[in-house]
Amino acid sequence: MTVTIGRRELLAALGGAAAACPLAARAQQPAMPVIGYLNNGSPESDALRLTGLRRGLNEIGYVEGRNFVIEYRWAGNQADRLPALAADLVQLRVAVIAAAGLLPARAAKAATTSIPIVFSVGADPVQFGLVASLNRPGGNLTGFNGFVGELGAKGLALLHELVPGTATIGFLENPNNRVFEVTTRDVLAAAPAIGLKVQILKASTDREIDAAFVSLVQARTGALLIGNDLLFNNRFEQVIALAARYAIPTMSSWREFVVAGGLISYGPSLIEQYRQVGLYTGRILKGEKPTDLPVQQETKIELIINLKTAKTLGLEVPNKLLATADEVIE
């Protein structure tokens, strides 16, 4: 029996087949892996970290939007939001969580024992319970230790070289950040050996940062060492303006502080830290397991000095410091 198909029916059949082809092809394409990114800060403060993260991922063959996507979660400097944000990423079943800092790493660890977590922290991850050991992390976490928390004593000595006439140096810490338990202890222990006293200042808000500088002036403290904390790192402009207003030599852990007009920094490269996070994240996407990836340790610490700021403060930078600086901004 011959079946005759009319022109209208033929066009409808062809149209249906054409429409089905992209759907079938799309169904055959594997879904792109999703990386969860967890940070206590904000998008505005994260440009350098994300530059490093994407750079590391690119080096291992991953380009955002092409073969992976990122689900970003920022707590807006409200650490109590981190557990809920971490739980949200777990519910999304992301392939890996990149945790920027100690508090995000701890929140992610509490949220999942199965999803791999790659962290970048500024203090010993063993001491703070993230991993069992550096060489054999165990569990579902690995990452990068930037040693920033352990650099306070050295930073104090360098700042004293730059401002040798001062008898007291202030140390700004965030009482809500447990890393300062280690850093403050080291700073206080190192001070007597170089003939210094340390004025401990605490701040967890913008207003308290302002008040800390007023306290420095009232106590006639000669310089300020800024502890490594996300709040302070996100307030470089505020800190630099206060340091200029009160003519207080001020030191940070990050190069970006000096580039923005701060006096001196001593610490690792933020971009390089997160490049390492990106590399490990990419390796896990390719099938490696966190327990087989040793925690990486910072190997390069940079000393950066802003000569223009030093001249404005009336400071003469010793030749020894200039000779050992990795970068001098004029």
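## Ground rules

A polar contact is a pair of N or O atoms within 3.5 Å; within protein, one must be able to donate a hydrogen and the other to accept it, and residues adjacent in sequence count only if both atoms are side-chain atoms. This is a predicted model, in which local features need pLDDT of at least 70 and side-chain atom pairs count only at pLDDT 80 or more, while totals for chains, interfaces and linings use all residues. Residues are numbered from 1 along each chain as its sequence is written, and side-chain values use heavy atoms, with hydrogens and water left out.

## The whole protein

Let's start with the overall picture. The protein has 13 helices and 13 strands; helices (H or I, at least four residues) and strands (E, at least two) are DSSP runs, numbered from the N terminus. Of its 330 residues, 48% count as buried, where buried means under 20% relative accessible area, exposed over 50%, and partly exposed in between (1.4 Å probe, protein chains only).

A contact means heavy atoms within 4.5 Å. Among the contacts with a separation of 6 or more, 69% are between residues 24 or more positions apart.

## N233 and its partners

Now find N233 in helix α8, which covers residues 230–233. Which side chains make polar contacts with the side chain of N233? One is that of N228, at 3.0 Å, and another is that of W254, at 3.4 Å.

N233 is buried because its relative accessible area is 13%. Not counting residues up to four places away in sequence, N233 touches R49, N228 and W254.

## N39 in strand β1

Next, look at N39, which sits in strand β1 (residues 34–39). Is N39 buried or exposed? Its relative accessibility is 0%, so N39 counts as buried. The side chain of N39 makes polar contacts with the side chains of Y37 (3.3 Å) and D46 (2.7 Å).

Beyond four places in sequence, the contacts of N39 include D46, R49, R73, W74 and L230. N39 and L102 are 63 residues apart in sequence, yet their C-alpha atoms are 9.5 Å apart in space.

## T166 in a loop

T166 belongs to the loop between α5 (152–162) and β6 (168–173). With a relative accessible area of 12%, T166 is buried. A polar atom of the T166 side chain lies 3.3 Å from the backbone nitrogen of G222. Setting aside neighbours within four places in sequence, T166 is in contact with H160, L196, G222 and A223.

## Two crossing helices

How do α2 (residues 47–59) and α11 (residues 270–285) meet? Their axes come within 6 Å and cross at roughly 40°; axes are lines fitted to C-alpha atoms, for helices over the stretch in contact, and angles run from 0 to 180 degrees between N-to-C directions. That makes α2 oblique to α11, since angles under 35 degrees count as roughly parallel, over 145 as roughly antiparallel, 65 to 115 as roughly perpendicular and the rest as oblique.

Residues of α2 that take part include L48, R49 and T51, and those of α11 include L270, I271 and Y274.

## Around helix α9

Finally, turn to helix α9 (residues 236–246), whose buried residues are F236, Q238, V239, I240, L242 and A243. These pack against α7 (206–219), β8 (223–226), α8, β9 (250–252) and α10 (255–259). After α9 comes A247, which has a positive phi near 55°.
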